[in-house]
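Here is a friendly walk through the model for someone opening it for the first time. Please keep the structure in view and follow the points in order.

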Amino acid sequence: MKLTGARIFLECLKREGVDVLFGLPGGAVLPIYDALYDFAGLRHILVRQEAAAGHAAEGYARTTGKVGVALVTSGPAATNLVTALQDAYMDSIPIVAFTGQVPTHLIGNDAFQEADNVGITRPCTKHNFLVKDGKDLGSTIKEAFYLAATGRPGPVHVDLPKDVLVKEWPFEYPDKIHLRSYNPTYDGHPGQIKKAARAILKAKRPVLYVGGGVISSDASEEVRRLAEMTQTPVTTTLMGLGAFPSDHPLSLEMLGMHGTYYANMAVHQSDCLIAVGARFDDRVTGKVEMFAPNAEIIHIDIDPSSISKNIQVHIPIVGDCRRVLARLIKEIEAETQQGVPSLAREARKQWHDQIARWKAEFPLRYDWDDEVIKPQYVIQEISNLTRGEALIVTGVGQHQMWAAQYYRFKHPRAWCTSGGLGTMGYGLPTAMGVQAAHPDKLVVNIDGDGSFQMNSQELATVYESRLPVKTVIINNGCHGMVRQWQEIIYKERYCSIDLSSGPDFVKLAEAYGCVGIRATKPSEVVPALEKAFATPGPIVVDMVVDREENVFPMVPAGGANKDMILERPGKEAKAKAAKSQTGF
Amino acid sequence: MQNNSEPQKHTIAVLVENRFGVLSRVAGLFSARGYNIESLSVGETLDPTVSRMTLVVRGDAFVIEQVIKQLHKLIDVIKVTDLTEENHVEREMILVKVNAEPTSRAEILRIADIFRAKVVDVTPATYTLEATGDESKVTAIVELLRPFGIQELVRTGKVAIARGAKARLRRAEEKLGKVREPVPESRDAARDIGFED
């Protein structure tokens with residue numbers, strides 16, 4: 001059977017089970033859009049800027065576990081997409097991005113809308129392909145989906161020259177593929193797992209440190225079982241939120257730069273740290289020499305290059321988090337058949353008492369104000385009203401950290417945030433992708449006024465494509481996180497942070513056909529949110545909040561996690577923080 | 001990461017898919033992480049779909065561990081072997097164009113003879129020599145020729161292979177189902193324990 005390249009492309013997507021495609025047409029991919037005109041069974045969502053297509057694919061992938069797909073044209077479209085690719089790469093999100101390319105005979109000619117797409121995306125994808133021969137189209141697409149979804153997931157980019165799409169080729173879609181150079185390890189080494197089991201059982205102050213790998217390998221059940229059977233407290237990274245319920249008695253919530261006091265202290269004092277699907281990012285560790293200095297570190301990760309990259313690990317286990325944890329649980333069961341020694345039981349009790357004291361001493365807190373809305377309060381009310389059942393997406397900045405701290409997470413795959421790359425503008429387009437994958441669920445985009453403006457044009461997409469995303473803008477009229485750093489570390493020399501000139505987000509929402517709601521007083525917060533969640537269609541809530549509120553705890557970059565700043569520092573403390581960061 | 005080991009030169013053999021873009025993936029890996037490649041040579045193996053790279057990298061134990069892991073992580077990389085840890089032969093070839101005045105021509109030829117270098121081009125004013133050897137030998141001949149005035153020098157970069165009858169990387173190639181040639185028996189046992197040319 002002979003088909004055009006464009007048709008082959010669509011047939012391949014169908015066979016991969018793709019139901020939604022996020023894209024924006026242009027010259028080089030016109031053959032695909034022409035074939036799409038009467039192709040059944042594939043929903044195309046027209047975004048307004050190409051990065052949004054990539055982020056939407058990420059949102060789709062994170063919340064479903066399936067591969068997200070974006071399709072854009074050549075040149076500027078491909079370069080716009082790069083941010084989303086790098087974002088997906090750093091957070092290990094499986095997406096396949098297709099870009100158009102000028103016809104093969106023009107490649108390298110500086111043709112119209114030409115860019116070296118594969119050259120540009122090479123360092124920000126797991127792998128990429130340029131299809132030069134239509135005979136390879138089917139197998140390349142198969143490989144792209146396979147690579148994106150297996151091993152450590154990640155973005156894969158396929159560049160499609162226009163002539164390959166126009167010409168007819170024999171269509172064959174391989175059922176299976178074998179890549180001789182790509183064999184991820186899924187099962188952990190049994191000897192190492194046994195070692196880890198023994199280390200956990202003899203530990204007096206163990207902590208589970210859980211990251212995004214637990215979400216992508218669907219291992220949260222195993223984490224919970226391991227935590228409960230060994231009575232080990234659990235802290236999650238920003239990417240791991242939802243892997244363990246925030247309200248569980250063993251939960252320490254998030255660790256790191258803006259983590260809780262008790263999570264950071266517990267990690268600091270632990271004698272056995274079990275890292276699962278986490279990569280010891282600098283925002284988590286702070287000063288590496290001072291990170292869990294007394295702990296025997298067990299590291300479970302599917303990517304060998306993550307192990308001993310930042311921190312020397314004592315018991316490395318390469319493998320899929322779920323499989324390794326299942327095996328580890330069995331080992332522990334076998335080891336404890338005669339029961340847990342009373343000594344260990346006593347030690348655990350002391351450890352839990354210590355943690356309870358930390359929790360009582362320095363819980364997450366903020367000062368209430370009757371007149372000005374506190375941003376933390378908005379998040380708490382979103383959490384209450386949705387009972388932790390909503391799918392939450394955030395932008396990047398203070399609001400993101402407050403969302404991470406104050407939202408009560410219940411389920412995995414219900415939280416999308418740009419962790420590694422910290423991409424402002426991530427919120428709305430990602431929420432679109434989440435909503436497209438879950439048309440009947442409540443999707444809340446908690447955004448910042450700065451972050452939201454980086455992709456606010458996508459209000460047109462959510463309106464046109466009937467994606468009822470509820471955006472709540474934590475509007476403090478400035479780039480809040482930058483303001484916070486300038487206040488604490490740069491001696492209150494506020495530079496280029498002011499956004500108070502607008503726009504009027506209610507009017508902006510209305511201009512796109514969406515509903516806009518504003519709240520300026522604490523008493524208006526709940527009614528505004530209730531209205532937003534009850535009204536059909538896309539909504540923007542403009543929450544005008546305290547401009548000067550800061551995210552605490554805070555560990556200045558490169559500092560030790562135990563030296564958290566817990567509340568607005570006085571003059572002396574600021575001078576000290578400034579000196580540690582700027583040297584003067 | 002904290003590390004106390006001394007930086008050391010490592011020779012790493014890498015089998016890769018013989019496809020376009022592979023070299024730039026490997027080079028990109030080094031530039032993106034700020035690691036420095038001292039030398040790199042690439043060529044086809046017995047299996048035309050597989051190329052073999054020989055990389056020389058300087059780094060402490062931590063850097064080298066990351067280099068090897070990151071190389072493995074590249075989808076087009078089939079096998080990575082650090083030859084430094086085992087007994088191996090390393091060779092590099094240089095072509096050097098050296099000033100050859102009538103008074104010095106005989107001396108240059110004598111040096112060439114000692115190093116088993118070949119004269120591959122002659123002009124009334126220059127000799128072009130071809131020399132092969134490990135790093136110290138190549139460095140030595142360059143240093144001896146330097147006083148005569150070296151006009152131009154080109155080196156291939158290092159290639160390396162493990163000593164012994166076992167072919168570590170060949171077996172990897174064979175596993176891929178492509179290479180069928182028999183491995184010749186080692187007739188000269190002396191070669192196995194360190195024959196130097």
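1. A word on terms before we start: two residues are in contact if their C-beta atoms, placed from the backbone, lie within 7 Å. Please also keep in mind that this is a predicted model.

2. Let us begin with the layout. Chain A is divided into domain 1 (2-170), domain 2 (190-361) and domain 3 (375-544). The centres of domain 1 and domain 2 of chain A, taken over C-alpha atoms, are separated by 38 Å. Six residues of domain 1 of chain A are in contact with six residues of domain 2 of chain A. On the domain 1 side, the touching residues divide into one nonpolar, three polar and two charged.

3. Chain B has its own division, with domain 1 covering 8-87 and domain 2 covering 89-155. Between the centres of these two domains of chain B, taken over C-alpha atoms, there are 30 Å. How many residues of chain A are in contact with chain B? There are 17 of them, and they meet 19 residues of chain B. The chain A side of this contact holds seven nonpolar, six polar and four charged residues.

4. Now look for an open sheet in chain A with strand order 3-2-4-5-7-6; its six strands pair in parallel. Strand 3 (43-46) and strand 6 (127-130) of chain A each have a single partner strand, so one side of each is left without a neighbour in the sheet. Neighbouring strands here are turned by 20° against each other on average, direction ignored. At one end, strand 2 (residues 20-24) and strand 3 of chain A pair in the parallel sense over four bridges, and G23(A) stands opposite L46(A) in strand 3.

5. Two helices to find on this sheet are helix 4 and helix 6 of chain A. Helix 4 (residues 76-90) of chain A lies across strand 2, strand 4 (68-72), strand 5 and strand 7 (156-161), and runs at about 165° to strand 5. Helix 6 (residues 137-149) of chain A lies across strand 5, strand 6 and strand 7, running at about 165° to strand 7.

6. Another open sheet of chain A has six strands in the order 11-10-9-12-13-14, with parallel pairing. Which strands stand at its edges? They are strand 11 (251-254) and strand 14 (315-318) of chain A; each has a single partner strand, so one side of each lacks a neighbour in the sheet. From one strand to the next, the twist averages 15°. Strand 10 (residues 234-236) and strand 11 of chain A pair in the parallel sense over three bridges, with T236(A) opposite M254(A) in strand 11.

7. This sheet also carries helices. Helix 11 (residues 261-269) of chain A packs on the sheet and touches strand 9, strand 10, strand 11 and strand 12, its direction making about 105° with that of strand 11. Helix 10 (residues 220-230) of chain A lies across strand 9 (206-210), strand 10 and strand 12 (272-276), at about 170° to strand 9.

8. Next, a helix pair. The axes of helix 8 (residues 190-202) and helix 13 (residues 321-335) of chain A come within 9 Å and cross at roughly 60°. These two helices of chain A are therefore oblique to each other, and helix 8 passes helix 13 in a right-handed crossing. Residues in the contact include I193(A), A197(A) and L201(A) of helix 8 and V324(A), L328(A) and I332(A) of helix 13. By class, this contact has eight nonpolar, no polar and five charged residues.

9. A second pair is helix 15 (residues 375-386) and helix 22 (residues 522-534) of chain A, which pack at an angle of about 40° with their axes 10 Å apart. That angle makes helix 15 of chain A oblique to helix 22 of chain A. Among the residues in contact are Y377(A) and L385(A) of helix 15 and P522(A) and F533(A) of helix 22. The contact has nine nonpolar, no polar and two charged residues.

10. Finally, some backbone details worth a look. A cis peptide bond joins G502(A) and P503(A), with omega about 15°; P503(A) is in the loop between helix 20 (480-488) and helix 21 (505-511) of chain A. A cis peptide bond also joins F552(A) and P553(A), with omega about 0°. Q113(A), a residue other than glycine, has a positive phi near 55°.

Terms used
Residues are numbered from 1 along each chain as its sequence is written. Chains are lettered from A and ligands numbered from 1 in the order in which they are written. This is a predicted model: local features need pLDDT of at least 70, side-chain atom pairs count only at pLDDT 80 or more; totals for chains, interfaces and linings use all residues. Axes are lines fitted to C-alpha atoms, for helices over the stretch in contact, and angles run from 0 to 180 degrees between N-to-C directions. Angles under 35 degrees count as roughly parallel, over 145 as roughly antiparallel, 65 to 115 as roughly perpendicular and the rest as oblique. Ala, Val, Leu, Ile, Met, Phe, Trp, Tyr, Cys and Pro count as nonpolar, Asp, Glu, Lys and Arg as charged, and the others, Gly among them, as polar. A crossing is left-handed if the near helix is turned anticlockwise from the far one by less than a right angle, and right-handed if clockwise. Domain bounds come from an automatic or database domain assignment. Two strands pair if DSSP finds at least two bridges between them.
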